[in-house]
Amino acid sequence: MPQDIVIDMPTDLRSTNAHKFELESDTPAFSRGIASLTVSIPNSRKSRQADGPPLPSRWKTPEFLFYFLITAVVIPYMTWVPIRLSSPTNPNYSSFYHQLSPGWLFGRQVDNSDRQYRSFRDNVPALSLLALVYLVLQSIYIRLATRPNSAISNDNTCRVPFIILFAALYLIGLHGTSTLKIFIILTVNYYIGKGFQGSRIGPLLTWVFNAVVLFANKRHDGYLFSSIHPYLTPLDAFEGLYPRWHISFNITMLRLVSFNMDYYWACNSHGPMDPGPRPSDKERAITPHPLELYTYANYVAYTLFPPLYIAGPILTFNNFLWQLRRPQEIPRRSILSYMMRFLICFITMEFILHYMYVVAIKDTNAWVGDTPLELSMIGFWNLIVVWLKLLLPWRFFRLWSLASGIDPPENMVRCMANNYSTTGFWRSWHRSYNLWIVRYIYVPLGGTKNVAVTTVLIFTFVALWHGVALHLIAWGWLVSLFILPELLASYLLPHSKYGHHSWYRHVCAVGAVFNILMMMTANLVGFVVGTEGVLHTVNQIIASAEGFRFLITACCCLFVGAQLMFEYREEEKRRGISLRC
């Protein structure tokens with residue numbers, strides 16, 4: 001039954017990363033069937049038991065055979081529409097042609113116009129070489145460090161000096177002399193956290209300091225040394241390969257807060273400080289270390305850990321240090337499997353960029369005369385591109401981290417198009433960020449005691465964290481607004497009371513249709529076409545009979561998709577997989 005539509009948060013969610021997805025099976029992935037393909041994420045620990053008994057399969061019923069028939073027609077057509085719009089025969093082709101570049105697939109041009117993804121795509125070979133060098137040097141260092149009578153410390157945190165040295169060289173290469181700015185900010189934050197041991201003033205000053213730094217970074221574009229003092233002007237000459245250090249500092253800021261907050265809670269903790277020999281992510285995150293381990297060296301190693309420095313995923317300080325102190329077993333076969341998943345996703349993105357020029361069409365507003373269906377497909381495939389352009393860097397850096405022995409959370413567990421619950425979607429989209437928000441914002445603000453207020457405050461913070469822009473503020477507030485109907489539905493029609501009725505699944509599917517439309521609208525506003533582009537699309541849909549017919553047809557197709565996703569969740573249960581979301 002579609003339980004994701006019901007908001008059922010555990011009692012102790014307010015004290016841990018309770019939005020964590022857990023793969024609950026010890027069965028090898030290859031034997032669990034297709035349901036394992038989107039959720040079987042390699043990590044150091046699996047849970048053991050699925051949540052509740054699964055329902056009998058509906059895949060071969062006449063109802064679902066009818067759904068399959070619709071899917072077999074609709075999905076290929078949804079794929080063909082953007083391909084046709086990307087053809088030179090499209091009247092708008094001349095408007096976006098200049099955005100295209102020479103490609104490498106079958107003589108096609110490639111739409112490499114997205115600046116954010118281009119900075120990753122063009123540097124994949126260099127990043128791969130860097131990761132390989134890091135792993136080789138780490139292996140050599142660990143062998144030297146663990147030799148008997150070694151001059152290097154041979155305790156379980158012996159990697160810290162290596163991480164700091166490599167990170168310093170890494171940052172100098174990336175940011176040049178701006179590395180000094182980063183270390184100054186890190187040092188000030190460290191002494192704010194350590195200077196008020198156990199006092200609430202520490203967390204308060206931590207948040208104020210990091211908020212000021214975040215906004216100042218953006219306003220002053222990372223600061224020039226010449227703007228500080230004319231004698232420092234020569235330092236601006238060495239910018240490094242990636243001068244815009246303040247862009248990636250958003251991720252670093254989350255780690256600064258994590259260290260100070262984890263230290264504050266450790267100072268006030270009276271519980272055990274041992275998560276066991278094989279701790280879960282949750283146990284590692286909430287179990288404090290002895291206070292003497294919250295050192296500057298461990299702090300810098302955590303904050304600047306090379307595999308995760310640029311884009312994450314985000315790992316809490318407690319979790320990171322526990323993995324250094326008690327390394328977790330990450331099977332080599334799982335790492336190789338994860339690498340293949342990354343490569344398949346990368347090739348998929350390449351085919352999309354070579355055959356669907358939707359980013360170029362969106363950037364140049366080259367949609368004059370397009371039908372409501374065509375406008376909707378431009379928006380939909382732009383969202384798919386957004387999903388992939390984020391998934392690929394996150395999986396690359398997580399792969400690097402896994403290979404180095406540190407297991408961070410998987411940022412995207414499900415495909416963007418495999419979501420029907422608003423809350424479930426946000427728990428699986430940038431999941432490590434979601435876990436960070438739950439631990440450091442949601443819990444301190446009261447959790448489920450003040451759901452409406454905390455939701456608005458959290459998404460306002462998320463919007464401002466992404467950047468100070470009107471369309472992002474609008475996105476944050478829209479998301480907050482769109483979550484409320486699902487919360488209301490879960491209260492009026494709880495699964496525990498009505499789930500056994502045959503009509504309940506269909507009512508949930510109707511609700512899922514509205515959820516999907518609202519989620520797409522919010523993300524189109526925030527990350528694709530902005531408020532003007534969405535208003536243009538909406539006007540085209542509601543201003544004509546053709547647009548209204550398309551809307552009804554689209555809702556019917558989404559209803560079918562929701563039913564398939566409901567059954568897919570049940571199939572995961574039947575295969576021994578349960579995602580707590």
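Among contacts between residues at least 6 apart in sequence, what percentage join residues at least 24 apart? The figure is 78%, where contact means heavy atoms within 4.5 Å. The model is predicted: local features need pLDDT of at least 70, side-chain atom pairs count only at pLDDT 80 or more, and totals for chains, interfaces and linings use all residues. Residues are numbered from 1 along each chain as its sequence is written, and side-chain values use heavy atoms, with hydrogens and water left out.

**View 1. The whole protein.** The protein has 24 helices and two strands (DSSP runs numbered from the N terminus; helices are H or I of at least four residues, strands E of at least two). Of its 581 residues, 52% are buried (under 20% relative accessible area, 1.4 Å probe, protein chains only). Accessible surface comes to about 26,400 Å² (Shrake-Rupley method, 1.4 Å probe). Carbon and sulfur atoms hold 66% of that surface.

**View 2. Helix 7 against helix 9.** Helix 7 (residues 201-219) and helix 9 (residues 245-267) pack at about 175°, axes 10 Å apart. Axes are lines fitted to C-alpha atoms over the stretch in contact, and angles run from 0 to 180 degrees between N-to-C directions. The pair is therefore roughly antiparallel (angles over 145 degrees). Helix 7 contributes P203, T206, W207, N210, V213, L214, N217 and K218 to the contact. From helix 9, the contact residues include W245, F249, M253, L256 and Y264. By class, the contact has eleven nonpolar, six polar and one charged residues (Ala, Val, Leu, Ile, Met, Phe, Trp, Tyr, Cys and Pro count as nonpolar; Asp, Glu, Lys and Arg as charged; the others, Gly among them, as polar).

**View 3. Helix 19 and its end.** Helix 19 (residues 451-466) has 16 residues. Its first and last C-alpha atoms are 22 Å apart, close to the 22 Å expected at 1.5 Å a residue (1.5 Å times one less than the number of residues). Its buried residues include T454, I458, F461 and W465. Just after helix 19, G467 takes a positive phi of about 155°.

**View 4. T177 in a loop.** T177 lies between helix 5 (159-175) and helix 6 (179-195). At 15% relative accessibility, T177 counts as buried. Beyond neighbours within four places in sequence, T177 is in contact with F225, L235 and F238.

**View 5. M377 beside P82.** M377 sits in helix 16 (residues 372-404). M377 is buried, at 8% relative accessible area. M377 and P82 are 295 residues apart in sequence, yet 6.5 Å apart C-alpha to C-alpha. Not counting residues up to four places away in sequence, M377 touches M78, V81 and P82.

How values were computed
Parallel < 35°, antiparallel > 145°, perpendicular 65-115°, else oblique. Buried < 20%, exposed > 50% of the residue type's maximum accessible area, 1.4 Å probe, protein only.
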